[in-house]
Structure formats: C-alpha cells, structure tokens
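The sequence and structure are shown below for reference.

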Amino acid sequence: MDMMRRAVSGALAMLIAATCMLCACSGDDDESRGVPTPADVSDKTITSPYDWDCLVWMGNDRLAYIVDGEERSRVGIDVSEHQGSIDWQAVAEDGISFCYVRVAWRGSTEGGLYADERFEENLVGAQNAGIDVGLYVYSQATNAEEGREEAEFVLGLLDGRELELPIAFDHEVTSDFSGRADNMGRSELTAAARAFCDTVEEAGYSALIYGNSYEFSRLEI
C-alpha cells in the first residue's frame with residue numbers, strides 16, 4: 001500500500017470519526033487548533049475524495065455523511081488513558097460502532113516510548129461490547145528507525161490478537177512547536193511513517209496514517 005492510499009485511509013478515518021461525540025470540532029483546522037503552519041509546508045496538501053457538503057447534522061447532534069439519501073458514515077470515538085474507566089456497554093448502546101484505542105505514545109521531549117495505561121482494558125472492553133476496534137500510536141518518531149521501533153512496540157503489546165480496523169500512525173506537532181519532532185523535513189517524516197506502516201503490514205495487519213490536512217501536508221505523498 002503506498003503513501004497516498006494510506007493517507008486517504010486516514011482521511012476516511014477522520015470522516016467517520018467526524019460523526020462521533022467530538023463532532024463539535026467541525027472547525028478543526030490548523031488555526032482553530034492553535035497549530036502553527038510553517039510556510040515550507042503550507043503549499044503541500046492532499047485532496048480529499050469526500051464532499052464535505054454531504055456532512056449533515058442529525059437529530060442526535062451528530063454528523064452523518066449522506067450521499068443521494070444514503071448514509072455512508074459510521075459513528076466512532078477515539079480514547080486513551082485520559083478518558084479514565086469507560087463503560088463500554090453504555091458506549092455501544094449509545095450507537096458507537098467503532099473505536100480507535102491509543103496503544104502507545106512517544107514523549108515529545110525526551111523521546112521515551114510508553115504503553116497507554118488503559119490499552120488492554122479498552123481493547124478488551126470495546127471488543128466485548130461488540131465495537132470494532134483499531135489502534136493508534138501518538139508518534140514523535142524522528143526517523144525510520146524510530147517509526148519501526150514504534151510499530152514493533154505496538155505489535156508486541158498486541159501479541160497477535162485480531163483487530164477489526166487498521167493500526168494508525170498519528171504524528172502530531174506540539175502546540176508551541178517546540179517538540180523534538182516538530183521541525184522534521186518531509187523526507188524524514190515520510191521515512192518514519194513508511195517504516196511504521198510497512199512493519200505493521202508485514203505482521204499481517206492493516207496500517208493507515210491519521211491526521212488532518214496540516215499533518216498530511218508534512219508528508220511526501
């Protein structure tokens with residue numbers, strides 16, 4: 001799978017996630033997030049295959065993607081240890097059909113790699129409630145070696161278990177642009193993303209790159 005397809009898969013993940021409980025963030029562009037946009041990446045964008053005019057507010061205050069009267073989106077959430085203990089049966093009963101669970105994260109200063117404290121609890125709880133699960137890594141990889149290290153770390157935690165959805169590479173900048181990986185060149189970041197995705201796929205799982213238009217603009221696609 002090439003970088004464009006992985007990035008488009010990430011765009012689809014954002015589309016279906018747009019109908020989740022975080023749908024109030026429909027203005028989630030770089031300016032509203034407070035994320036700086038350096039001139040050297042602002043002219044590099046990925047064209048979304050989706051028509052955002054098809055996003056419709058539903059009666060439950062959630063968004064749906066509707067084309068010719070047919071709903072083509074699902075309602076999902078993403079979670080980490082920051083959400084605390086989750087009643088997954090209540091989540092399923094609220095109409096949530098999929099979830100992205102944070103499995104690991106890398107520090108933005110010292111670069112340490114850590115498991116999410118509630119990864120196991122959230123993975124098992126969501127799947128037992130009948131919710132489709134994918135995983136994501138909050139990456140701060142600065143090169144291909146670290147991207148591969150993150151993937152191998154995830155695969156070790158997953159230990160061969162099945163997933164319904166892909167494993168996502170989520171590389172974000174810090175709010176003040178001071179992180180160890182914030183000012184990477186496109187080629188270095190692309191190498192890290194490619195190494196992560198290749199390692200995940202070599203292990204038999206699907207991979208995608210998760211991000212908004214700004215994060216995609218940092219990649220060579």
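By class, which residues make up the lining of the largest cavity? The lining has six nonpolar residues, two charged residues and one polar residue. The model discussed here is predicted.

## The cavity

Rolling a probe the size of a water molecule over the atoms shows where empty space is left. In this structure, one cavity of 30 Å³ or more is present, and the largest cavity has a volume of about 60 Å³.

Its lining consists of F169, H171, L189, I209, Y210, E215, F216, R218 and L219. Two elements, β8 (167-171) and α7 (213-217), each give two or more residues to this lining.

## The packing of α5 and α6

Two packed helices are described by the angle between their axes and the distance between the axes. Helix α5 (residues 144-158) packs with helix α6 (residues 186-202) at an angle of about 30 degrees, and their axes lie 7 Å apart. Angles under 35 degrees count as roughly parallel, and α5 and α6 are therefore roughly parallel to each other. Their crossing is right-handed.

On the α5 side, the contact is formed by A144, G147, R148, E150, A151, E152 and L155. These residues meet A191, A192, A195, F196, T199 and V200 of α6. By class, the residues of this contact comprise eight nonpolar, two polar and three charged.

Definitions and conventions. Residues are numbered from 1 along each chain as its sequence is written. This is a predicted model: local features need pLDDT of at least 70, side-chain atom pairs count only at pLDDT 80 or more; totals for chains, interfaces and linings use all residues. Side-chain values use heavy atoms; hydrogens and water are left out. On a 1 Å grid over the protein atoms alone, a cavity is a set of points where a 1.4 Å probe fits but cannot get out, and a pocket is an open set with protein on both sides within 12 Å along at least five of seven lines; lining residues have an atom within 4 Å of a point. Grid points are joined across faces, edges and corners, and a volume is the space filled by probe spheres set on the points. Helices (H or I, at least four residues) and strands (E, at least two) are DSSP runs, numbered from the N terminus. Ala, Val, Leu, Ile, Met, Phe, Trp, Tyr, Cys and Pro count as nonpolar, Asp, Glu, Lys and Arg as charged, and the others, Gly among them, as polar. Axes are lines fitted to C-alpha atoms, for helices over the stretch in contact, and angles run from 0 to 180 degrees between N-to-C directions. Angles under 35 degrees count as roughly parallel, over 145 as roughly antiparallel, 65 to 115 as roughly perpendicular and the rest as oblique. A crossing is left-handed if the near helix is turned anticlockwise from the far one by less than a right angle, and right-handed if clockwise. Contact means heavy atoms within 4.5 Å.
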